[in-house]
Each structure stands twice: as structure tokens, then as C-alpha cells.
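I opened the notebook to look up a few things about this chain. My entries follow the order in which I checked them.

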Amino acid sequence: MTAAPPAATPRLPAGIWVLGFVSLLMDISSEMIHALLPLFMVGTLGMGVALVGLLEGLAEATALILKVCSGVISDWFGRRKPLAVLGYGLGAATKPLFALASGPGLIFTARLLDRVGKGIRGAPRDALVADIAPPEQRGAAFGLRQSLDTVGAFVGPLLAVALMLLWANDFRAVFAVAVVPALLAVLLLMVGVREPARPAGAARSNPISRANLKRLPRAYWWVVGVGAVFTLARFSEAFLVLRAEQLGVALAAVPLVMVAMNVVYSLTAYPLGKLSDRVSHHGLLLAGLSVLVLADVVLAVSTHWVGLLLGVALWGVHMGMTQGLLAAMVAAQAPADLRGTAFGFFNLVSGVALLAASVLAGLLWQYLGPAWTFGAGAAFSVLAMAALAWRAD
């Protein structure tokens with residue numbers, strides 16, 4: 001008797017692909033600007049580095065706070081897409097301001113409004129992915145969106161560098177071109193994504209009331225905690241760039257470190273996201289942390305660019321293994337009507353952990369050296385692995 005052929009893997013809904021390409025286009029636009037903005041602020045506008053740091057801190061803090069607010073609002077109204085369109089639209093509207101800026105005031109306004117847009121769209125967009133994707137394909141769905149988003153993260157800077165070379169370092173011309181992919185992202189979101197209908201008769205309630213917060217199970221808060229420890233172990237990718245410079249990589253080639261990391265991340269996020277739908281989440285998280293420990297050790301002991309590239313590649317593999325998986329775990333543990341709130345709190349806690357980790361990493365780097373920074377990352381990874389192993393038992 002002939003065995004039946006294996007069942008074909010169901011295709012991801014078209015809306016997931018559209019949301020992925022929306023993220024890709026907006027990331028191309030944003031990274032074209034962000035890759036050049038510090039140089040533009042300091043070199044062209046004459047702003048001090050301390051002022052640049054203050055602006056970046058305020059911008060990221062604004063985005064973190066608004067992720068919670070927008071997630072709660074999307075749960076309150078039972079609609080995700082309008083807030084996502086508003087967030088992406090606001091991000092697109094800020095792009096021309098960078099090209100027009102002649103002083104710190106307009107740059108501050110544009111950067112803060114850009115982060116407001118990111119904060120508004122983040123949690124509703126992730127909740128929309130969870131709403132559209134079948135439960136058995138959520139890992140693949142989040143992996144695909146993250147993969148396409150990460151493609152934009154390295155295409156944007158490469159495009160910016162190419163245009164700067166072509167147009168003799170004309171910052172404003174490059175910023176003007178960045179408007180195009182941003183507008184395309186908004187248009188694609190408006191016409192290409194159909195939000196699932198809200199269940200008939202669903203009552204509207206305050207998502208952050210005590211009764212509703214109690215509906216977020218202990219397993220969800222455990223995922224939030226694991227995400228925070230992951231972030232403490234990983235800290236900012238800016239330290240990969242600093243490590244490249246410290247190892248003697250030519251200044252012009254240093255940005256290629258982030259390109260390499262994001263290429264690996266984008267290539268692994270989707271297939272490993274699909275894998276997460278078929279294997280133990282605990283096991284995959286443990287594997288991801290093991291890869292991060294290895295990356296930290298390699299980066300701590302490397303004295304040559306070959307070791308640096310190996311460490312950066314392992315870092316990208318770790319990101320591909322864990323980031324979409326954590327998002328899928330949040331979606332799985334949160335009630336459907338509280339997904340926006342759940343993603344908002346998850347992003348807030350992870351963002352605060354990233355800030356704390358980056359401050360600690362910077363202090364260790366300055367006073368003890370880069371080996372201590374990456375050694376501390378490995379130590380936090382081992383602690384997270386112990387917590388996961390204890391939970392599995």
C-alpha cells in the first residue's frame with residue numbers, strides 16, 4: 001500500500017506578507033535617515049554630542065511609553081489597523097522635516113514625532129499579526145515580519161551610503177528620497193491589510209483595569225521576564241560597532257558590521273520562526289541563549305576581524321532564533337482582546353532592560369574593557385538558561 005504524501009504546509013495569510021513588506025519599506029526609509037542623522041546633526045548643524053545623546057534618549061523613551069498606550073487603546077476599541085496606519089503615517093510625515101531642518105529645533109521635532117509614530121504602531125501591529133495568523137503558524141508569521149523588517153535595516157544604510165557617494169555627501173537629498181518608501185509603506189498598509197472583524201456583541205472594557213490585568217496569566221508575565229533577561233544579556237548592538245573599531249577595522253568599513261549582523265538575522269528569522277511552530281519553545285530559547293553565550297565569548301576573546309565576523313554572525317543567528325519566538329509566545333499567552341496591552345507591556349519592560357543593559361555595558365567597557373562587557377552578557381545568558389531549565393522542570 002502506497003503511503004500518502006505528506007500534507008502541504010499551509011501558506012501564511014497574505015496580510016502577514018503585506019505587514020512584513022510594510023515594515024521593510026518603513027525601515028528602509030528610517031534607516032536611510034538614522035544612519036546619517038548623527039553626522040548631519042554634529043557636522044552640518046553644529047550640535048553637540050551631548051545634545052544628540054539627550055535627543056536619542058528622549059526619543060526612545062517616548063516610543064516605549066506610547067507602545068503601552070497604543071496597545072491599550074487598540075484593545076479598548078477592538079481595532080488594530082487604524083492605530084497602525086496612524087503610526088506609520090506619522091512616521092512618513094516626519095521624513096520631509098529632516099531634509100528641511102536648518103537647526104536643532106526642527107530636528108528635535110521630527111525625531112520625537114518619528115518615535116511617537118513608532119510607539120503608536122508597534123503594539124497594535126504585533127497584535128494584528130497575532131490576530132491574522134493561525135495559532136499554529138504564529139512563529140512563522142512573526143519570523144517572516146521580523147525577517148523582512150531586518151532586510152530594511154541593512155538595505156536602508158547601504159542605500160544611504162550609495163546616494164551619499166553619488167550626490168557628493170548631500171544629506172538633504174538623501175533625506176528627501178527617504179520619503180518615498182515611507183509613503184509606499186503607508187499606502188500598502190491601507191489597501192493591502194484587512195483586519196479580522198471584532199466578534200459580534202463583544203463588550204468594551206478598560207484593558208488596564210485590575211480585573212483585566214488579572215486575566216493576563218502568570219505564563220504571560222513569565223515570558224515578559226524572560227524577554228527582559230534576554231535583553232539584559234544582549235544589550236545594544238552599538239557595542240558590536242565599537243568592538244569592530246577597537247579591533248582595528250577601517251572606519252569606513254565599521255558600518256558593515258551591522259549590515260553583516262542584519263543579513264544573518266534576516267536570513268534566519270523566518271525559517272527559525274517556522275521551526276518554532278513545531279518544536280519546544282523552551283528548547284529553542286535555550287538553544288538561542290547558548291548561541292548568544294558563544295557569540296559573547298568569541299567577541300570577548302577575538303583579536304582579529306575574522307573572530308569579530310564570527311561573533312557578529314552568531315549574534316544574528318541568536319536574534320533569528322529568539323525575537324520572533326518571544327513575540328509568538330506573548331501572543332499565545334495573552335487573551336485575544338488583550339493582545340495589544342500584552343505587547344505594549346512586553347515592549348516596555350524589554351526596552352527598559354535594554355537601557356539598563358546598555359548603561360552597564362558602557363560602564364564595564366569604559367572602566368574594565370570590552371572583554372568584561374561581553375563576559376557580562378555571557379553571564380546574564382547563563383542565568384537566563386538556568387531560569388529556563390528550572391521552569392522546564
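I started with the charges. The chain has 27 positive and 18 negative charges, and their mean positions lie 8 Å apart.

Next I checked confidence, since this is a predicted model. The mean pLDDT of the chain is 85. I noted that 92% of the residues reach 70 or more. Among the elements, helix H8 (residues 179-192) has the highest mean pLDDT, at 96. Helix H11 (residues 238-246) has the lowest, at 76.

Then I looked at the fold. I found 16 helices and zero strands in the chain. The radius of gyration is 21 Å, close to the 21 Å that the globule rule gives for 393 residues, so the chain is as compact as a globular protein of that length. Along its principal axes, the C-alpha trace spans about 65 × 55 × 45 Å.

I went on to contacts and surface. I took contacts between residues at least 6 apart in sequence, and 84% of them join residues at least 24 apart. Buried residues make up 52% of the 393 residues. The accessible surface comes to about 17300 Å². Carbon and sulfur atoms account for 71% of that surface.

Is Thr150 buried or exposed? Its relative accessibility is 1%. Buried means under 20%, so Thr150 counts as buried. Which residues does Thr150 touch, leaving aside neighbours within four places in sequence? I found Asn262, Tyr265 and Ser266 in contact with Thr150.

Technical notes. Residues are numbered from 1 along each chain as its sequence is written. This is a predicted model: local features need pLDDT of at least 70, side-chain atom pairs count only at pLDDT 80 or more; totals for chains, interfaces and linings use all residues. Side-chain values use heavy atoms; hydrogens and water are left out. pLDDT is the predictor's confidence in each residue, from 0 to 100. Helices (H or I, at least four residues) and strands (E, at least two) are DSSP runs, numbered from the N terminus. Buried means under 20% relative accessible area, exposed over 50%, partly exposed in between (1.4 Å probe, protein chains only). Contact means heavy atoms within 4.5 Å. The radius of gyration is taken over C-alpha atoms; the globule rule is 2.2 Å times the number of residues to the power 0.38. Accessible areas come from the Shrake-Rupley method with a 1.4 Å probe; for residues, only the protein chains shown count as cover. Lys and Arg count as positive and Asp and Glu as negative; His and the chain ends are not counted. The place of a charge is taken as NZ of Lys, CZ of Arg, CG of Asp or CD of Glu.
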